[in-house]
Amino acid sequence: MMKNIGLALFVFLFALGCGEEEDDPPQDTTNSNDTVTPFVSFAEAGPVLIANCGGCHTTESKGLWNASDYDSLMQDSYFCDGKTKAECCIVRIEDGSMSTAKNKTVSSAALQLLKDWVASGLPE
Ligand code: HEC
C-alpha cells in the first residue's frame, strides 16, 4: 500500500514537473499566425494564365496581352487604372468579366497563385 502511494506521488510530481515546462510562455513572437506569401515567379504564373486564359490571350489581339509574353503583362492596363495588365487579371477574374473559353471559373488555387505572384512583386 505504501509503495503504491509512493509511486502515485512520484507520478504526480513527475507530471507537475512536465507541466511547468509546458506552461512557459512562448518567447518566439515570430511564431504567430502571420502568413508568409510564397514566392511565385512568371515561371509558375505563366502556365496558369496559359491554361486558364490562353484560349484568347495567346496573341496580343485580345486585350493587348499574351499569356506567354511576360513583357506584355507588365504594360499598363486600360481596364484597371494604375495597374499592370498582370494585376488586372486578378480584378477581371474576380469581377467575372474574364473567364475561360468554356465559361468555367478559375479555380481558387489558380487565382491564389496569381495573387501570390503579384504579392511577390511580379518577378519574371
Ligand atoms: C473568350 C476569350 C477570352 C478569354 C478566355 C479570356 N479573355 Fe481576357 N480579354 C478578351 C477580350 C476580347 C478582351 C478585350 C476586351 C475587354 O477588355 O473586355 C480581353 C481583355 C482582357 C484584359 C484587359 C487588359 C487590360 O489592359 O486591361 C485582361 C486583364 C484580361 N483580358 C484578363 C483575362 C484573364 C485573366 C483571363 C483568364 C482567366 C482571360 N482574360 C480570358 C477575351 C478573353
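## Basis of the model

Two residues are in contact if their C-beta atoms, placed from the backbone, lie within 7 Å. This is a predicted model, in which local features need pLDDT of at least 70 and side-chain atom pairs count only at pLDDT 80 or more, while totals for chains, interfaces and linings use all residues. Residues are numbered from 1 along each chain as its sequence is written.

## Helix 4 against helix 5

Helices are DSSP runs (H or I, at least four residues), numbered from the N terminus. In helix 4, Ala86, Glu87, Cys89, Ile90 and Ile93 make contact with Leu111, Leu114, Lys115 and Val118 of helix 5. By class, the residues of this contact are 7 nonpolar, 2 charged and no polar (Ala, Val, Leu, Ile, Met, Phe, Trp, Tyr, Cys and Pro count as nonpolar, Asp, Glu, Lys and Arg as charged, and the others, Gly among them, as polar).

The axes of helix 4 (residues 85–94) and helix 5 (residues 108–119) come within 10 Å and cross at roughly 145°; axes are lines fitted to C-alpha atoms over the stretch in contact, with angles from 0 to 180 degrees between N-to-C directions.

## Helix 5 and its end

From first C-alpha to last, the 12 residues of helix 5 reach 16 Å, close to the expected 16 Å at 1.5 Å a residue (1.5 Å times one less than the number of residues). Gly121 follows helix 5 and has a positive phi, near 95°.

## Shell around the ligand

The ligand has 22 residues around it, of which Cys53, Cys56, Gly63, Ser77 and Phe79 come nearest (near: C-beta atom, placed from the backbone, within 6 Å). Helix 2 (42–53) and helix 4 are the elements that give two or more residues to this shell, and helix 4 gives the most, with 5 residues. The shell divides into 13 nonpolar, 6 polar and 3 charged residues.
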